[in-house]
Amino acid sequence: MIKAFFRYLSIFILSVVTVTAAVFLSLGFAVSYPAQKPEKADVIVVLGGDDGLRVEKGAELYNNGFAPNVLLTGIDARFYRPGRPNWRERRMRDLGVPKKAIRVDTESETTWEEAVNASETLQKQKWESAIVVSDPPHMLRIHQTWRRVFEGSSKKIILVSTEPDWWNALLWWKNKTSYRFVISEIKKNIYYYAVYL
């Protein structure tokens with residue numbers, strides 16, 4: 001009787017540990033899975049919070065003919081002057097994107113605001129599709145947010161991620177940067193579900 005109890009207890013503990021490990025290891029895939037291959041669109045939306053990779057990806061997509069327009073979001077209005085573009089806009093132009101193709105959103109401070117303001121811009125410009133560029137661990141939250149904001153709309157949203165050296169969906173926990181992002185995104189996803197979704 002006691003042996004049977006400890007055998008079942010051991011099986012239960014092993015099962016819990018196995019499931020917990022599997023869930024933990026899959027978090028990198030969970031937060032990044034909505035990323036898609038780029039498709040032709042009307043505009044490339046390069047989200048804020050950028051260290052340069054998003055701008056580079058946006059310029060690459062523009063130069064490869066995926067869209068004729070670029071929208072840079074998350075630029076702080078307090079420090080932006082049209083005659084003195086911020087570093088992201090300057091970098092975009094240095095990478096071959098002409099000034100006339102770039103629009104700047106200085107109103108958005110959160111992912112939710114970026115989606116809402118981008119929706120208004122698409123409507124105003126009569127654009128039907130957008131490529132949205134961000135980093136891999138943000139894809140799940142961006143997917144959920146943009147799906148909610150564009151719910152009932154015919155607009156097509158394509159999520160494209162950058163390809164940072166620090167990202168590995170399977171081994172995310174081995175790199176300090178990706179570990180920090182994944183844990184942060186799990187918390188942010190919970191918050192967004194509670195507040196916005």
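Mentor: A crossing is left-handed if the near helix is turned anticlockwise from the far one by less than a right angle, and right-handed if clockwise. Keep in mind that this is a predicted model.

Trainee: OK. Is the crossing of α4 and α5 left-handed or right-handed?

Mentor: Right-handed. The two axes come within 9 Å, and they cross at roughly 40°.

Trainee: Why are α4 and α5 called oblique?

Mentor: Angles under 35 degrees count as roughly parallel, and 65 to 115 as roughly perpendicular. The α4 and α5 axes cross at roughly 40°. α4 and α5 are therefore oblique to each other.

Trainee: Which residues make the contact?

Mentor: From α4, you have Thr-111, Trp-112, Glu-114, Ala-115, Val-116, Ala-118 and Ser-119. From α5, Arg-141, Ile-142, Thr-145, Trp-146, Arg-148 and Val-149.

Trainee: And how do the residues of the contact of α4 with α5 divide by class?

Mentor: There are 7 nonpolar, 3 polar and 3 charged residues.

Trainee: Now α5 and α6. At what angle do their axes cross?

Mentor: Roughly 15°, and the axes come within 9 Å. Angles under 35 degrees count as roughly parallel. α5 and α6 are therefore roughly parallel to each other.

Trainee: Is that crossing of α5 and α6 left-handed or right-handed?

Mentor: Left-handed. On the α5 side, Leu-140, Arg-141, Gln-144 and Thr-145 make the contact. On the α6 side, Glu-185, Lys-188, Asn-189, Tyr-192 and Tyr-193 do. By class, that is 3 nonpolar, 3 polar and 3 charged residues.

Trainee: What classes make up the lining of the largest pocket?

Mentor: 3 nonpolar, 8 polar and 5 charged residues.

Trainee: What volume does the second largest pocket have?

Mentor: About 200 Å³.

Trainee: Which residues line the second largest pocket?

Mentor: Leu-71, Arg-103, Val-104, Asp-105, Glu-107, Asn-117, Glu-120, Thr-121, Lys-124 and Gln-125. β3 (102–104) and α4 are the elements that give two or more residues to this lining.

Trainee: Which element gives the largest share of that lining?

Mentor: α4, with 5 residues. By class, the lining of the second largest pocket has 2 nonpolar, 3 polar and 5 charged residues.

Trainee: Thr-121 was in that list. What does Thr-121 touch, leaving out residues up to four places away in sequence?

Mentor: Leu-71 and Trp-127. Thr-121 sits in helix α4. Leu-71 lines the second largest pocket as well.

Trainee: How many residues apart along the chain are Thr-121 and Leu-71?

Mentor: 50 residues, with their C-alpha atoms separated by 9.1 Å.

Trainee: Last topic, α2 and α3. At what angle do the axes of these helices cross?

Mentor: Roughly 35°. Helix α2 covers residues 53–63 and helix α3 covers residues 87–94. Their axes come within 9 Å.

Trainee: Is the crossing of α2 and α3 left-handed or right-handed?

Mentor: Right-handed. The crossing of α4 and α5 is also right-handed.

Trainee: Which residues meet there, in α2 and in α3?

Mentor: In α2, Val-55, Glu-56, Gly-58 and Ala-59. In α3, Arg-88, Arg-91 and Met-92. The contact of α2 with α3 has 3 nonpolar, 1 polar and 3 charged residues.

Definitions and conventions
Residues are numbered from 1 along each chain as its sequence is written. This is a predicted model: local features need pLDDT of at least 70, side-chain atom pairs count only at pLDDT 80 or more; totals for chains, interfaces and linings use all residues. Side-chain values use heavy atoms; hydrogens and water are left out. Ala, Val, Leu, Ile, Met, Phe, Trp, Tyr, Cys and Pro count as nonpolar, Asp, Glu, Lys and Arg as charged, and the others, Gly among them, as polar. On a 1 Å grid over the protein atoms alone, a cavity is a set of points where a 1.4 Å probe fits but cannot get out, and a pocket is an open set with protein on both sides within 12 Å along at least five of seven lines; lining residues have an atom within 4 Å of a point. Grid points are joined across faces, edges and corners, and a volume is the space filled by probe spheres set on the points. Helices (H or I, at least four residues) and strands (E, at least two) are DSSP runs, numbered from the N terminus. Axes are lines fitted to C-alpha atoms, for helices over the stretch in contact, and angles run from 0 to 180 degrees between N-to-C directions. Angles under 35 degrees count as roughly parallel, over 145 as roughly antiparallel, 65 to 115 as roughly perpendicular and the rest as oblique. Contact means heavy atoms within 4.5 Å.
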